[in-house]
Amino acid sequence: MKKNKLRNRLRRFLSLSMAVVLFLTVNVVTAQNGQQAKVTISGTVTANGEPIIGAVVAVKGTTTGTITSDKGEYTINVTGNDILVFSSIGYISQEIPVGGKTKIDVVLEDNVINLESVVVVGYGTRKRSDLTGAVNVMGEQTIRATPAANIAMALQGAGAGVNIQRSGGSTHPGHTPEIRIRGTRSIAAGNDPLLVVDGIPYELSMMNNIAPEDITSVTVLKDASSTAIYGSRGANGVILVSTKRGAEGAKAVVNYNGYIGFSKPLGFYDVMKSEDYMQLRKWAMYNRYKNAENYTGIDDPRVLQKVFEGGLDGEIEGYERGVDTDWQRELYDQNPLMTNHQISLSGGSKNTQYAASLGYYKSTGVYDLQSMERTTLKLSVDHTINKYLKFGLNTLNTYYISRGESLNPMGDALSLSPLLSPYMDDGSIREKVHPNDLMSNPLMDLRKDAIQDDRKRLSTFTTGYLEVDFTHGFKYRLNAGVQLSSTTLQRYYQKGTSKRRQSSNYGYNESNSLTDYTIENLLTYDKKFDKHNLNLTAMFSAEEREAQEFDLNYENVPTNQVGYYNPGTAENHKGNGDYNKWSMLSYMGRINYDYDSRYYLTATLRTDGSSRLAKGNKWHYFPSAALAWNIGNEKFMSGTSHILSQLKLRLSYGEVGNTNVSPYDTMGDMTSNKYIFGSQGVLGYYPTAASNSELKWERTASYNAGIDLGFLNNRFSGSIEVYKQFSNNLMMKFTPPATSGVSTQIPYNVGKTENVGFEFAARVHVFDGDGKNKFQWTSDFNIYFNRNKVVQLTEGVDKLISDNLFVGHPLGSFYEYVGLGIWQDTPEDRALAESYGLKTSGDDSVIGTIKVADISGPDGVPDNVINDLDRKIVGSHQANFEGGWTNSLAYKNFDFTVVMNFRQGGMLRSELYGGGQNSLMGGYYNNLNVDYWTPENTGARWPAPNNKVQSIPYKGTLTLFDASYLKIRTLTLGYSLPDKLLKTVGVSKARVYSTATNPFTFFSEYVNKYKGLDPETNRVMGTVIPPSWQMLFGINITF
Amino acid sequence: MKKIIYLLACLPLFIMMACGDFLDEENHSKMTPESFSTPQGFELGLNGVYGGMRTFYGPLSSIHMITVPGTDEFYSRSSGDIYNFGNYTTNYKPNSDYIYSYWRSSYTLINTCNGLVHFGENMTDIPEAKKITMLAEARFFRAWLYFRLVQFFGDVTLNRTYNDVVVKTAKRDPMADVYDFIVEDLLYCTTPGNLPVGPKDTQPGRVTQALARHLLAKVYLTRGWSSAAKTTDFQNAYDIATRLIQDGDQTGVKLMSKYEDIHKPGNENNQEILFNVQMTDDPIYGVPEKDSGMNNLAHIFVAGYFNFNGSGNVQQIEDGRVYARYHGTTWLYNEAFGDIDKDSRYHGTFQSKWTAPIDFSNKKQEFYVGENKYSAIRSGVKGELAGYLPGKNMTKEEIESANYYILTPENYTDPNFPTMKKYLDPNRTSLSFDSRRTIIVYRLAETYLIAAEAAFKLGNNSTTDGAAYYINELRKRAASKTEYINDLMITAADVTIDYILDERTRELCGEQLRWLDLVRTKKLVERVRKYGFFTTKWTNHTLPKDNIQDFHVLRPIPQKQIESVIVGDPYPQQPDGWDKM
């Protein structure tokens, strides 16, 4: 069943893709015959419309060769059978048989691998071969491989040590996933990395503001020596994003990139159909009342009577008519659309470069009321005034709309009785679906304007720099950036909807503004003398962030048409506001030194001062150092360079911080309440939190060792990293003695965690062709693991059960009873149950309920009592290993890319099985179609239904699942139209492609065995709107 | 903008000094306690304390959990803290969440009062008399909060001053010191002129001198029984209580003429009330968004009446939402109220009639009369009488002849038992809504009982100005008909401490005082062992009676308090029992 579905999906994808591509295919084949005579060949070598100076033109298999002039021209004597090899650093080499030609002009293409060889690092760039720290670099090709709403989704699985997962399995089209670099380390201060866009810190939660198409490269700084220059904000890793700029001396290029596509739900959750539901209800009533009522069996007519007692309107009728409503299908659009268009212009002269783009993205969810829409406008200019001065400006402007963030109809959709028809006989929506209105008909929400939930954000992010070249190696750079955003969140819920049920029409308006500016002053000194290379950087920066919030909610909105637009028409207004500001001053110094590109040293020292900490504690230092030895550049290695083409050892140590102290956390706080004297309402305040002047930042010290390897002229290249991190001073919640009067939990620094990890990443040019006439196959693979554990909690405490923290175990562990199946009606089970003091007869009998192990007691040994002490750590979400694998194939203008990611091990907690839709109460709530225990079905996983049991005891034991999976994230088939054809229409490049995103998941126990739809979550799988896969058709044209 | 330019100018120079204030915090969102030194700020802080009282009275987890069950009147059903307190189970431990929450809220508000007294002394721009009144209100609450703490816990930490920093130490102070501090505050409150004389002189819900006098009398009475007793305590209690009763015209606080009217919905600010916690259906000030301020009392006493209203499962707003947290003891239902025809307080306390929410027919009711089980067929029409609780046993014929359900004491089950109706709120808009009724905390009838108890302790049981007199005043009012008054009168010889406690049950059943009354009079363990059970042929519940131990007369020091004292001497647990759990 499942396999057929997969196969069909694959077939549909392939046939659609092929059709599109074939339709546009034109094959151009030219054949030449070789000749023997000695001839003189001349020509020019260019790239990107510019001549290449110093390109090597060699006769293949000989030592004969020449280099191009400053105009890119060359002349060489050859025979007719020779093959010429054109190469230049940074470009893909080309081999051209001489044939009968006398003039050969060559256009070299950029070598992507080499382009990436200049890496953006904190406060500057470095050659990849000069790196001393652990970084992941992802170029344009990687980013483009996965069309996605935001950069994080595009990078899933693309780098070792970077774990990107949808939080709670969220399926909202505007969802921003959770990013974890080298695991988690903080208990209370957050584990989000720092995002830096074009050199300026950017609010991570607003990553949806940036169109992935505007991004040219992403560098992830992982080890402390790389992140230490971000000091107090580096502990969770740093993501550096660079956006498009114009290229020097390139003519104007217009590029259009667009796709349209549709989504399909990956499936629906398996709930009971009417017949099974009735059977469940009978069992549930039977088991509850069998002793009191002496039922003869579940088919005793009194059981059915009991089932319908207290009557829910329409249910008996539905039962008699054979109604079997599938609520999920009533609710979801099966083919929501998504679309993305981006047009960009870039170019530049020697002195002025520019890039501009306009983009539009829209994606609608499977649930109609959810969507995300984004319009972006980007503009950048760089200008060299003279040999001393250069400046640049870059602005990213976004209008972003996210709808339906607060909505999730799953609760009702999964729980509503299938016996109820969604509509009344007169065609109106059935309003009453629960006798006490504890559920509502989700179709009520879909009526026009009944629910409005719109987040709209207007934002701009503008950065600029001024560079002064003092010559003699001294440069000064002023970097400044400002992020401004204004967000409104407006909601309106009509009476009768799931949000209000029987309460009146409700409106909510919230407005947020954020201003964040950063000013950096950088002074650099570059000096080469002899074989010594020295680069010094000094930096001073200031940042201030100010956020203000205001909200208002109100009731009795007169009509849907007024909605949230005019609170003046409504009643019972309540408002709140918040103001929040912090500022930071930083100094940083860095030395980069290398001797003969063999021995490297990097050392940095940063100090940050923050307004968020109390006086006397504001400033902290963050040092780091790294050493590297490029063995590959040693003389003794020169003989083997074609085999072992690269070998570098790296070692680093650094200390970084986590600034996530909320502003005013060091101050005391008051709590407000309300009171009334007769009819006079009043507002009250009382102090509840103490001021804590000792609060400090969390601190992480980390060691990293890495090896970079390259074999066979870098046909195979890769790196291995091992690291260990010690995080100290972690913020924990401390509750002062209640008798102090100010005993609200406050953060204080005491916890410790450790992370140990291993990362391996490799790129293999399996077939090193050009993708045109010679087959090209590039394979990128990464695999990594991170082992986290809590080392210390509050003094003398080795576990904090309510906070789910356990010394010696990873953060986010699962603490549970140990399930042993179901108590069976056997003499052995009866005897065992009775030895625990459990009842095996009567209403409280445990037969048919979940059986758990007696693993411990007050003295640490089993005590024949099942209680809280019988819980233990049964696992965590932490994977044994995870990684990604991307394969790109190209031949004859076709290209094919598969992006996969995988994780093995770890557990997830499913709220689907844990929630109300799986109560087995058989009341007014439908149930997941689970296999439950009956005296005949004793092998069932789930216990016997019982109407009396509000919450299944030990249910948690059955809601944990293996979180392993292998996901095909994207499958892309593209075709680049031949240059000859394009030239005739004045187009320089054109490619059509189709992409399937999220089409298949393999090896997931949760999906394959337990009917989950998608195993991807950051720990707990929420009862989310069904996830979807997408089919996109796109075109990319460059003029 | 100016700042940016300033920064730009100063940054390249790498001079930090010039930008020294750049790292100062700017706070606009938070209130700070310093504002208590202004009249407006003081007002807000004082309101905060009044508002804090809502968290003690009303929510599902609130003071009723430690005053109502686990007594001779009630035990508890359900599960969790409420069950453990009410039945003294082995899970009733110092780590109880509610005990901690009660302890913590008390100290938070005491600290607020300390802050008010501390900063409020410096208030300017306010008439001196008003300032004194405000300070007196703060001191009243401080005294009251401490008074409750010493009753529940014995020796407790005594903070006389305001604190706003992280403290990691704490110690317990002798109960006698805490009492002295309480009395000092209340003497300030009862000083004529410092507070409005009675409720008529101020807004509903405000602290008055009459209230302070009532509390001071109660404090003296309680201390008089305790190990911190002073010889003058009972006399002081007697004097203050009797004078408060005599000053009725002046204070405006007098007994209501009918018992049943005291708790009538909508009548929460009646003339007998000394203090109540104000609730209302005002959407802004009356229905706090957080659970902590709601009135759940309406639900917690409601028995499973749907089993005897013909529906089997349908509840009606006026009959309450079935939470059935508290179940009365056999003694409460069958003995405490004496002749329930003559003493109106039984039917003033328990609901006796239910109407049918739906039409029903041919329902079988099984019942016992004596040792024999019978059954009868019940039918009814929506809106008509469907269930009746007579409060006493009836004959087989009487029960059979009715067409509605009849629930006699021998047929009480769990959860079919009498509903204590004082908190029912028929004006809720939906069954599941919490109540918006104001909660009565102290009323003058208790002043009579304080006077009676003090008189008893002074050896004066007389019917003229002694214990019997003050008890008879209440019984006079309680008589269901004037002709029964004489039958209800008692003599000086009838007065014992047990009789006073019985009378307190009749008068104040379920009014969130009982556990403290039993502890004060040192009768808790004895009376729970005697009366703390419920049995019929249908149900058997003897946990409180079987479980209670001598050390249960104090509530345990919350485990979290002990654990959070991480510097200095450990915080001591109650000796002789709680320390061994």
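Predicted model: local features only at pLDDT ≥ 70, side-chain atom pairs only at ≥ 80, totals over all residues.
Local features require pLDDT of at least 70 and side-chain atom pairs count only at pLDDT 80 or more, whereas totals for chains, interfaces and linings use all residues; side-chain values use heavy atoms, with hydrogens and water left out. Residues are numbered from 1 along each chain as its sequence is written, and chains are lettered from A and ligands numbered from 1 in the order in which they are written.

**Interface of chain A and chain B**

Chain A contributes 68 residues and chain B 70 residues to the contact, where contact means heavy atoms within 4.5 Å. The size of an interface is often given as the accessible area lost when the parts come together. Here the buried area is about 6,100 Å², and carbon and sulfur atoms give 62% of this area; buried area is the accessible area (1.4 Å probe) that two parts lose on being put together, summed over both. Tyr675(A), Phe677(A) and Thr739(A) supply 13% of the area that chain A buries against chain B, more than any other three residues.

There are 16 residue pairs in polar contact across the interface, both residues being at pLDDT 80 or more. A polar contact is a pair of N or O atoms within 3.5 Å; within protein, one must be able to donate a hydrogen and the other to accept it, and residues adjacent in sequence count only if both atoms are side-chain atoms. Among the elements that give two or more residues to the side of chain A that touches chain B are strands E26 (474–493), E27 (506–529) and E29 (571–595) of chain A. Helices (H or I, at least four residues) and strands (E, at least two) are DSSP runs, numbered from the N terminus. E29(A) provides the largest share of this side, ten residues. By residue class, this side of chain A divides into 32 nonpolar, 24 polar and twelve charged residues, with Ala, Val, Leu, Ile, Met, Phe, Trp, Tyr, Cys and Pro counted as nonpolar, Asp, Glu, Lys and Arg as charged, and the others, Gly among them, as polar.

**Salt bridges**

Side chains of opposite charge can pair when their charged atoms come close. A salt bridge is a side-chain nitrogen of Lys or Arg within 4 Å of a carboxyl oxygen of Asp or Glu. The count over all chains is 98, and the count between chain A and chain B is one. In chain A, Glu759(A) and Lys222(A) meet at 2.7 Å, N to O. Glu759(A) lies in strand E37 (residues 746–768) and Lys222(A) in the loop between strand E18 (215–221) and helix H5 (224–227), so this pair ties together parts that are 537 residues apart in sequence.

**Strand pairing in chain A**

Two strands pair if DSSP finds at least two bridges between them.

| Strands | Bridges |
|---|---|
| E25(A) and E26(A) | 20 bridges |
| E26(A) and E27(A) | 20 bridges |
| E20(A) and E21(A) | ten bridges |
| E20(A) and E52(A) | Eleven bridges |
| E6(A) and E8(A) | Four bridges |

E25(A) and E26(A) form a hairpin with two residues between them, and His472(A) in the turn has a positive phi of about 55°. Gln452(A) stands opposite Tyr492(A) in E26(A), and Arg491(A) stands opposite Tyr508(A) in E27(A).

Four strands of chain A form an open antiparallel sheet in the order E4-E3-E6-E8. Its edge strands are E4 (65–67) and E8 (94–97). Val85(A) stands opposite Glu95(A) in E8(A).
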